Amino acid sequence: MNQHPTTEHITSLIQEGEFFKLKEILKHYEPAELVELIEAEEEREQLIIFRLLPLQLATQVFEYLDLDVQKHFLANLSQEKISDILNEMSPDDRTALLEFLPDDFVKELIQTLSEAERKVTLELLGYPEYSVGRLMTPDYIAIRENWTVQQVLDYIRRHGGQSETLSVLYVTDHRGVLLDDIRIREFLLSDPGRPVSDLMDRRYVKLNAMQDQEAAIDVFRKNDRIALPVVNDEGVLFGIVTIDDILDIREEEDTEDIQKLGGSEALDEPYLDTSIWEMVRKRAGWLVILLLGEMLTTSAMHHFEEDLQKAAVLGLFIPLIISAGGNAGSQATSLIIRAMSLGEFALSDWWQVMRREILAGLALGIILGIVGGMRIVLWAKVIDPGYFGPFWQLIAITVGVSLLGIVLWGALAGAMLPMLLKRLGLDPATSSAPFVATLVDVTGLIIYFSVATLVLRGTLL
């Protein structure tokens, strides 16, 4: 394997004007290496490197560059260069780029496309924003069932260079209706004179052009495919979606869910590219909601103010009580949302989820209850005897039983809330960990003081 020059050496060649030498060096780079090299350079050097690349390599590199770098190139490259690159790009990647550009600029760029590419692009842009139609490419190999294996192989040699992938071929009828999909290995291992119909089982997995992209992720995951056909309501094959586009969508969905789980609106751009004002706007709303929620905790404590005055020792355990419940709820929420996103269970399995969380909550509550109670016993008997007074056993029971109830409630609330939101058609990720923690804080205090009233009645209360 050849060792490529360092970034510093590339930069020095640019500064010295050794463009012919640099052009020869860049030809030996892989697209992924060039993407890494370009994004490590300053804007001026980025343009110089990109202009020196041959068209096919430049197009491959352009498809994988960050959106900001793509926009920079579109603003500074010649109209002819932009036209060549956009015409060479795969339709799905080109559509993904045009979605993020201003409408006026998109209109100009579309005019630079060839008639065939312009037609494809306008068709793709006509689908709803988050539909499968926006992801598909019309570059695939379609064959007929009355062809022989040899005819298929000859057709691939003539037209295969335009296809996004050759791993799967699609059998269609004269109207373009999808009949089957067949892996290329079947043709490579079959007799040349064998008809395509002999290789067909008419069992295939497909996507609908109007289907939600998130649903397509589940289909890919369950069927372990690198490409899937996309049809309309009549079954006509419109294009294919490949795994690289699905992985991009999966990353976007996961990023959005993680940001929401943290108690924030999802960012529209990378963290460092998001302005401070936009960052504040995305986070302030949830923080205000959570603050108002925590004010209910104050109201709950005010309700039990008389009990606190009689037994001030109860106030010592309030942080422990509410944090245990909040932590249990946050754990359950994170686990359930992730399991739902992976399709590990359906909403109809709610009772099974509830039963598991009841058992898990009871076990966890017993463990934390024992730890909390033993802490009081240890303090009262060893560290500072007399600190909790003559009723330390009852205080230990109060804290232990409260922890059991609050952890159980936290686990149930954290598991059921995302499923309830999903049932209502809302994003489960909005039931963020901080939101669940705030909910459990308020109810946890009610549980704590209710247990204290029952256990300590006639003694401290």
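Biologist: Which residue of strand 6 stands opposite Leu228?

Modeller: Val241 is the one opposite Leu228. The model is predicted, so local features need pLDDT of at least 70 and side-chain atom pairs pLDDT 80 or more, while totals for chains, interfaces and linings use all residues. Residues are numbered from 1 along each chain as its sequence is written, and side-chain values use heavy atoms, with hydrogens and water left out.

Biologist: What makes strand 5 and strand 6 a pair?

Modeller: Strands are DSSP runs of E, at least two residues long, and helices are runs of H or I of at least four, both numbered from the N terminus. Two strands pair if DSSP finds at least two bridges between them. Strand 5 (residues 227–231) and strand 6 are joined by five bridges and run antiparallel, so they meet that definition. They form a hairpin with five residues between them, and Gly235 in the turn has a positive phi of about 85 degrees.

Biologist: Why is strand 6 called mostly covered?

Modeller: Buried means under 20% relative accessible area, exposed over 50%, and partly exposed in between, with a 1.4 Å probe and protein chains only. In strand 6 (residues 237–242), five of the six residues are buried.

Biologist: Which residues does Leu460 contact, beyond its neighbours within four places in sequence?

Modeller: Contact means heavy atoms within 4.5 Å. Lys310, Ala311, Val313, Phe391 and Ile395 meet that limit with Leu460. Lys310 is 150 residues from Leu460 along the chain, yet their C-alpha atoms are separated by 6.6 Å.

Biologist: How do you know on which side of helix 9 its buried residues lie?

Modeller: The buried residues of helix 9 (residues 103–111) are Val106, Leu109 and Ile110. They cover an arc of only 100 degrees around the axis, so they lie on the same side of helix 9; the arc is that of the directions from the helix axis to the C-beta atoms. Asp104, Lys107 and Gln111 are exposed on the other side.

Biologist: What do the buried residues of helix 9 pack against?

Modeller: They pack against helix 6 (67–76), helix 7 (79–88), helix 8 (91–98) and helix 10 (115–125).
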